[in-house]
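Q: I'm new to this one. Can you walk me through it?

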Amino acid sequence: MTTVAPDILSTEELVVTRGDAVAWLRLNRPKALNALSPSLMTALTDAALALDADPEVRVMVVIGSERAFAAGADIKEMAEATPVDMLTRDTIALWDRLRRVRKPLVAAVSGFCLGGGCELAMACDLLVAADNAVFGQPEINLGVIPGAGGTQRLTRAVGKALAMDMILTGRQINAREALAHGLVSRVWPIEVFEDEVAELARAIAAKAPMALRMATESVDKAFETSLAEGLDAERQRFYGLFATEDQKEGMKAFVEKRPARFVGR
Amino acid sequence: MSEAAILPAPTAPYTTLAVSVDEAVACITLCRPDKMNAFDDAMKADLLAALKAVERDPAVRAVVLTGAGRAFCSGQDLQMDPDKANDLPVGRMLREKYHPIFEKLRSMPKPVIAAVQGVAAGMGVSLALACDMRVMASETYMTVAFIRIGLIPDCGATWTLTRLIGPGRAFELAATGDRLSAEKALAWGAVNEVVPSGQVLEAAMQRARVLAAGPTRALGLLKKALDNAIEADFPTQLLFESHMQQTAARTADFAEGVRAFGEKRPPQFTGA
């Protein structure tokens with residue numbers, strides 16, 4: 001993994017590093033198993049939006065510690081809250097800012113990925129896991145339900161049966177089950193996890209940035225439109241990409257049997 | 001001196017185990033000799049806590065598991081009212097109390113050797129089989145006795161037996177509950193070494209000392225790779241090996257191994 005000194009975007013709870021066009025956003029509240037406090041979510045979304053605007057960065061990786069990606073929210077802060085308190089704080093609104101990030105966001109999950117942590121991972125474009133990862137939406141045990149997209153994104157990812165099972169019982173699933181049910185795309189041994197994530201991120205970072213953006217937008221459309229509209233949206237983006245230098249370079253390099261060098265235009 | 005006086009006594013904070021660490025080897029002794037080291041709730045909690053402690057302790061680089069007295073371990077303590085036997089929540093007890101112990105034995109990245117100095121019965125067999133290697137006393141035996149009370153092997157014994165000795169022999173032992181002698185256990189591959197009674201602990205400790213002087217992290221990776229091999233297909237295992245090997249290649253012990261090889265001297269591994 002190539003990293004440099006912690007970035008100016010870092011806070012006490014979030015360590016940001018960059019290298020090779022990849023930015024790493026490392027959740028860093030070890031004592032709280034990276035519970036997603038409002039300040040951590042603010043730092044994370046601030047950093048993600050700033051990096052999204054930085055042309056040097058092509059891919060972002062959200063990662064936790066070996067022990068925990070993120071084990072939910074700060075329960076103590078919420079325990080005595082009224083609906084008015086919750087609505088006034090509206091910390092979940094912070095999450096909407098993540099949806100404005102256009103560059104690929106990779107959630108790299110090792111250890112506990114529960115509640116808000118699982119919702120954060122699912123809010124990313126790509127979800128990969130270490131073999132020690134554990135996923136769950138245990139909110140039901142606290143007398144509530146997932147509130148930051150869990151009921152929606154988990155259902156879209158794994159289907160109704162497993163989503164209901166996990167959300168109604170609080171049952172947790174391991175990395176292997178998560179892979180089998182399509183919640184994550186790849187699982188690596190924890191020993192080599194960060195290396196493999198770095199390689200994956202570098203591989204994506206080497207692709208044409210405009211194509212990456214059109215691709216993530218098109219895939220996301222699949223969840224929000226009819227098939228006909230989605231196919232239209234896809235086709236428009238496909239044709240549109242022929243206006244980019246990177247399309248010319250990509251196809252030329254293919255014909256010349258050499259690696260393409262994409263410039264992001 | 002009576003025989004009881006020379007038996008190891010439980011060491012705090014445990015009430016059912018004696019744990020000692022010597023030359024980077026932790027020895028965990030089950031200490032309920034009057035109950036043939038049968039597991040009660042305290043021993044389940046103690047053993048899980050002890051395994052976690054030796055896993056965390058960087059001074060420990062190998063583990064020996066043995067029993068005090070005549071038995072290695074006679075399994076679950078069966079004292080109960082027969083009229084209530086059918087109400088026993090066995091499944092839940094296994095999942096909640098026993099499985100964490102057995103999963104810890106497999107996931108611990110340090111070698112664990114069972115010193116089977118006396119009889120292993122029922123879950124006691126499961127316990128010995130869940131370790132990485134076994135040294136057994138020539139005069140003793142194992143019995144997968146579950147079927148004799150109308151149960152089937154648990155705590156992974158159906159899994160470990162099948163893999164260690166094959167399905168045909170596993171069925172024979174589990175379906176009859178017959179005694180498996182040390183001699184046959186060795187011939188079948190259920191144990192690694194048989195020595196005269198009284199020398200088991202020392203033989204196991206000797207093996208553990210050799211392993212404890214080895215490249216500990218590589219041994220942990222080896223353990224994980226072998227466990228993975230049991231279930232993986234060949235291409236998957238090749239990939240898995242490459243991941244474990246990449247990790248091993250980053251250890252200080254690998255650098256020392258290469259250096260010692262070049263200098264034609266024995267390596268001095270530190271476990272780092």
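Predicted model: local features only at pLDDT ≥ 70, side-chain atom pairs only at ≥ 80, totals over all residues.

Q: Okay. How many helices and strands does chain B have?
A: Chain B has 11 helices and 10 strands.

Q: How many residues of chain B are in contact with chain A?
A: Six residues of chain B, and they meet four residues of chain A.

Q: Which helix gives the largest share on the chain B side?
A: Helix α10 of chain B, residues 234-248, with five residues.

Q: What classes are on that side?
A: The chain B side has three nonpolar residues, three polar and no charged.

Q: Switching to the sheet in chain A. What is the strand order?
A: Six strands run β1-β2-β3-β5-β7-β10 in chain A. The sheet is open, and its pairing is mixed.

Q: Which strands stand at the edges?
A: β1 (14-19) and β10 (186-188) of chain A. Each has a single partner strand, so one side of each lacks a neighbour in the sheet.

Q: What about the twist?
A: From one strand to the next, the twist averages 20°.

Q: How do β1(A) and β2 pair, parallel or antiparallel?
A: Antiparallel, over six bridges, with β2 of chain A spanning residues 22-27. One bridge joins A:T17 to A:W24 in β2(A).

Q: Which strands does helix α9 of chain A lie across?
A: Helix α9 (residues 193-205) lies across β2, β3 (59-63), β5 (105-109), β7 (126-130) and β10 of chain A. The helix runs at about 160° to β3(A).

Q: Now α5 and α6 in chain A. At what angle do their axes cross?
A: Roughly 55°, and the axes come within 10 Å. α5 covers residues 116-123 of chain A, and α6 covers residues 150-158. The two helices are therefore oblique to each other.

Q: Left-handed or right-handed crossing?
A: The crossing of α5(A) and α6(A) is left-handed.

Q: Which residues meet there?
A: From α5(A), A:C118, A:E119, A:M122 and A:A123. From α6(A), A:G150, A:R153, A:L154 and A:A157.

Q: And by class?
A: The contact of α5(A) with α6(A) has five nonpolar residues, one polar and two charged.

Note on methods
Residues numbered from 1 in each chain as written. Chains lettered and ligands numbered in written order. Axes fitted to C-alpha atoms, helices over the stretch in contact; angles between N-to-C directions. Helix = DSSP H or I, 4+ residues; strand = E, 2+ residues; numbered from the N terminus. Parallel < 35°, antiparallel > 145°, perpendicular 65-115°, else oblique. Left-handed = near helix turned anticlockwise from the far one by under 90°. Contact = placed C-beta atoms within 7 Å. Nonpolar A, V, L, I, M, F, W, Y, C, P; charged D, E, K, R; others polar. Pairing = 2+ DSSP bridges.
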